[in-house]
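Okay, everyone, let's get going.

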Amino acid sequence: MAEYERSRTMPAQPEQVFDQAADAGRLDAWLPGALHVDVGDPPAVTVHEDRTGHDTAALLRSEPDQMRMEWGTREHGGYTGWLQVAGIGSGTSEVTVHLSFFDDSHDPGEQAVRDALDGSLRRLEDQVRTRSGGATADGGDDTAG
């Protein structure tokens with residue numbers, strides 16, 4: 001089993017960040033470019049992965065009161081993940097994404113996962129800034145978990 005975790009600080013209230021991350025209609029805007037989510041009958045979703053060309057049945061749950069999202073494959077249990085937003089004061093939030101791969105065939109490797117997570121968190125921050133009319137200063141902080 002392989003586990004990966006990345007975090008990023010974002011200059012916005014945690015509710016704003018979570019609302020943007022959990023917007024099912026806009027998941028493709030911040031997820032890795034090779035993943036596409038079709039939200040059919042939540043929590044059931046279908047994930048298309050460009051790398052393999054396959055569609056995978058998955059679950060996606062959003063817990064707004066906990067500012068947490070959880071997801072994973074339904075039939076084969078290949079991977080799971082979660083996103084957690086936490087307020088850290090002064091209108092700033094920390095977003096943490098964690099992935100667990102239970103099947104090596106689903107794990108694209110440490111560097112690929114880190115790059116994908118960092119890119120996703122950057123795109124999410126860009127969306128939050130655009131939506132909230134945020135500042136243009138960097139403010140982001142990539143950290144390993």
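So, the lining of the largest pocket: by class, that's 23 nonpolar, 6 polar and 2 charged residues. Keep in mind that we're looking at a predicted model here. The space in that pocket comes to about 740 Å³. There are 31 residues lining the pocket, and the ones closest to its centre are Pro-32, Leu-35, Tyr-79, Leu-99 and Phe-101.

Which elements give two or more residues to that lining? On the strand side, they are S2 (35-41), S3 (44-49), S4 (54-63), S5 (68-73) and S7 (92-101), and helix H2 joins them.

Helix H2 covers residues 110-132, and helix H1, residues 14-22, packs against it at an angle of about 115°, with the two axes 10 Å apart. The crossing of H1 past H2 is right-handed. Who meets whom? From H1 you have Gln-16, Val-17, Asp-19, Gln-20 and Ala-21, and from H2 you have Leu-124, Gln-127, Val-128, Arg-131 and Ser-132. Sorted by class, the H1 and H2 contact has 4 nonpolar, 4 polar and 2 charged residues.

H2 also has a salt bridge to show you. There are 5 salt bridges in the structure, and in one of them the side chains of Arg-8 and Glu-125 meet, at 2.5 Å from N to O. Arg-8 sits in strand S1 (residues 2-10) and Glu-125 in helix H2, so this pair ties together parts that are 117 residues apart in sequence.

Okay, on to the backbone, for anyone who likes to check torsions. Where's the cis peptide bond? Look at Pro-42 and Pro-43: a cis peptide bond joins them, with omega about 10°.

Terms used. Residues are numbered from 1 along each chain as its sequence is written. This is a predicted model: local features need pLDDT of at least 70, side-chain atom pairs count only at pLDDT 80 or more; totals for chains, interfaces and linings use all residues. Side-chain values use heavy atoms; hydrogens and water are left out. Axes are lines fitted to C-alpha atoms, for helices over the stretch in contact, and angles run from 0 to 180 degrees between N-to-C directions. Helices (H or I, at least four residues) and strands (E, at least two) are DSSP runs, numbered from the N terminus. A crossing is left-handed if the near helix is turned anticlockwise from the far one by less than a right angle, and right-handed if clockwise. Contact means heavy atoms within 4.5 Å. Ala, Val, Leu, Ile, Met, Phe, Trp, Tyr, Cys and Pro count as nonpolar, Asp, Glu, Lys and Arg as charged, and the others, Gly among them, as polar. On a 1 Å grid over the protein atoms alone, a cavity is a set of points where a 1.4 Å probe fits but cannot get out, and a pocket is an open set with protein on both sides within 12 Å along at least five of seven lines; lining residues have an atom within 4 Å of a point. Grid points are joined across faces, edges and corners, and a volume is the space filled by probe spheres set on the points. A salt bridge is a side-chain nitrogen of Lys or Arg within 4 Å of a carboxyl oxygen of Asp or Glu.
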